[in-house]
Amino acid sequence: MYRVPVQQGESWLLSRVRRHVSELLRLAAPVIVARAGLLVMAMVDVVFVGRYGTLDLAQLSLANAPVGALIASGTGLLIGTLAMTANALGRGQPRECGAIWRRSVVYAGGVGLVGLAICSVGEPVLLALGQSPRIASGAADVMFILGLGLPASLIFTTTAFFLEGLKRPLPGMVAMILANVLNAFINWLLVFGQWGMPELGAAGAAWASTIVRTCLAIGLVLYALNMADHAAYGVRTWPGWRWREWGAQRRIGYGGGASIGIEAGSFASLSLFAGWLGAVALGAYSIGLNLLALMFMVALGIGSATAVRVGIAHGREDAPDLALAGWTGLGVNTGVMILLGVFLWFFPGAIAAIFTDEPELLAASIPLIAITAFILVADGGQVVVANALRGRGDALGPTVAHTISYLLVMVPTAWFLALPLGRGVMGLFEGILIASIVSIVLLSLRFHYLSRRDLRLMARPAELPG
């Protein structure tokens, strides 16, 4: 039952907003760097391979689509680590935080192994989906190499969620900065074959990602195990594997996995459509999507910080603060996305030139970067509200909204615009824009409804006599 607040009013509201904005920025800044670091790694791969050759770029793009969907789905399955750690912290039960993390590490490794098994059968799947044999063969090899790094990638993610739930996002940020330096160096070695190393092209970029993800997992797990106050959180204490005891954590993850998996799978479908349009279209789509994904990581960082703020308020049963935390996160994110969008809108040519110097690929990429300026506001906003809902413990709302928006709206709309209407790769991005608008509307309505219901439940005890 939500508690009745002691005092509310304009001063309470302003004080709380200032506190939420301050805490949100403090938490979000390192999370943004850490999340963006994952995409910077992918963008570095695209830049190196794009300079190496268009065919290799197409193969890398095609392989990244299903692997990205698997990583996103696995990340969703683990989102309960973040929400439940924040809830336990809000309830004043720190030792439960360590139990949440230790179970999630084993869970993450298992999910990653399932993803590796899927990556091992890439070529027949890609051929069955209509990709050309020349692109599918190379993409399948890249897909398997990337799959080898999936368990480590998810173990790193769940450990980062644990630390973020404890309001300690800095270690993940530092690890990601170091990882990006290492990734760029290994790309340079293996893509072009420097210092006597083999010239592997797209496969070299995949090996770089897998090696770096493994280092990230090892480094962050060792940090968590050796924190100065590890005993206070029960980090080294095995909590047992009693299935029911962490049912709430898994249920949030099931919803998150389904929600993010549907979204990522829908974007993977768009990669297939781009592949049907040819190597240049697929390369342009890869450049545009990687840039969108990088900017999206800023929103995801703000969303993760919002989930922590909402989760802590939910843990202490403070309904007004819970609602305020969610809407504050959306407001801050909207301002940031508008600023980033202005930059993309005015400098699309200069940005595209970072990725390629091939005239045809450059011409196809510039308009995609421009429209991304509009996609950012809606797409970034929807992930913040979705994370606010998960911080509150709502697994159903984001799943339903993403199923409608991305699976039922984006995929057929993008296909229709790109192929039957002949708008090509631009039609794919127009489909993303439409779906993102639908998503933020649905999720905002859901958060508004639940927030109002929480406030009504909180107010009921005050209406009783005595």
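Good morning. I begin with one side chain: Phe185 has a relative accessibility of 36%, so it counts as partly exposed. By convention, buried means under 20% relative accessible area, exposed means over 50%, and partly exposed lies in between, with a 1.4 Å probe and protein chains only. This is a predicted model, in which local features need pLDDT of at least 70, side-chain atom pairs count only at pLDDT 80 or more, and totals for chains, interfaces and linings use all residues. Residues are numbered from 1 along each chain as its sequence is written, and side-chain values use heavy atoms, with hydrogens and water left out.

Let me turn to the aromatic rings. A pair of aromatic rings is described by the distance of the centres and the angle of the planes. Rings of Phe, Tyr and Trp (its six-membered ring) pair if their centres lie within 6.5 Å; planes under 30 degrees apart are stacked, over 60 edge-to-face, and the rest tilted. The whole structure contains 12 aromatic pairs. In one of them, Phe185 and Trp195 have ring centres 5.6 Å apart and planes at 70 degrees, so this pair is edge-to-face. Phe185 belongs to helix H8 (residues 170–192), while Trp195 sits in the loop between H8 and helix H9 (202–225). Helices here are DSSP runs (H or I, at least four residues), as strands are (E, at least two), numbered from the N terminus. Trp195 has a relative accessible area of 65% and is therefore exposed.

Which kind of pair do Phe267 and Tyr406 form? Their pair is tilted, at 5.9 Å centre to centre and 40 degrees between the planes. Because Phe267 lies in helix H10 (residues 247–276) and Tyr406 in helix H15 (residues 396–418), the pair ties together parts 139 residues apart in sequence. Phe267 and Tyr406 are both buried. Elsewhere, ring pairs join Phe48, Tyr52 and Phe192 into a cluster.

Next, consider Arg390, which is found in helix H14 (residues 359–391). Its relative accessible area is 4%, so Arg390 is buried. The C-alpha atoms of Arg390 and Leu82 are separated by 9.3 Å, although these residues are 308 apart along the chain.

Finally, the protein chain as a whole. It has 16 helices and zero strands. Along its principal axes, the C-alpha trace spans about 75 × 50 × 35 Å. Of its 466 residues, 59% count as buried. Among contacts (heavy atoms within 4.5 Å) between residues at least 6 apart in sequence, 83% join residues at least 24 apart. Thank you.
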